[in-house]
Amino acid sequence: MEQNKRPSVNAEVYKQILNGKVQPPGLIIQDKRLIKFFLFNLDDIEHENQRKLELVANLFHEIRHPWQFKNNLFEDEEEINNIDENLEKYFNLPSEKDAYLF
């Protein structure tokens, strides 16, 4: 519904979120100062405690990105919209490594 009525990211990002092999549970939209979480990508009810831990971990991961931006870190880093086609490259981005460590 968001994609059709008030899109906040481009079509390639929506495709990744909704249909990618890797479906991100959250993302940052810097220019709009938004953090979005996609709880439907964390809906494994058989492992509810694991889901809660993943949500908390993703919350901290996504919060780290605005901190990086505010502190002018990783400014020249390439933006990757299609994670499926660039999975290794995505995980090797310095900003992502930093956010995962955080």
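1. Starting with the loop between helix 3 and helix 4: Asn 72 sits there. This is a predicted model, and in it Asn 72 takes a positive phi of about 55 degrees despite not being a glycine. Worth a glance, since most residues other than glycine have a negative phi.

2. Phe 74 belongs to the loop between helix 3 and helix 4 as well. Its phi is positive too, near 60 degrees, and again the residue is not a glycine.

3. Now the hairpin. Strand 1 and strand 2 form it with four residues between them, and Arg 33 in the turn has a positive phi of about 55 degrees. The two strands run antiparallel and are joined by four bridges.

4. The largest pocket holds about 1100 Å³ of space. Helix 2 (11-19), strand 1 (26-29), helix 3 (48-70), helix 4 (87-91) and helix 5 (94-101) each give two or more residues to its lining. Helix 3 has the largest share, with six residues.

5. If you want to look around inside that pocket, 37 residues line it, and Ile 28, His 65, Glu 79, Ile 80 and Glu 96 lie nearest its centre. By type, the lining splits into 18 nonpolar, twelve polar and seven charged residues.

Definitions and conventions: Residues numbered from 1 in each chain as written. Predicted model: local features only at pLDDT ≥ 70, side-chain atom pairs only at ≥ 80, totals over all residues. Heavy atoms only, no water. 1 Å grid on protein atoms, 1.4 Å probe; cavity = no way out; pocket = protein on both sides within 12 Å on 5 of 7 lines; lining within 4 Å. Points joined across faces, edges and corners; volume = space filled by probe spheres on them. Nonpolar A, V, L, I, M, F, W, Y, C, P; charged D, E, K, R; others polar. Pairing = 2+ DSSP bridges.
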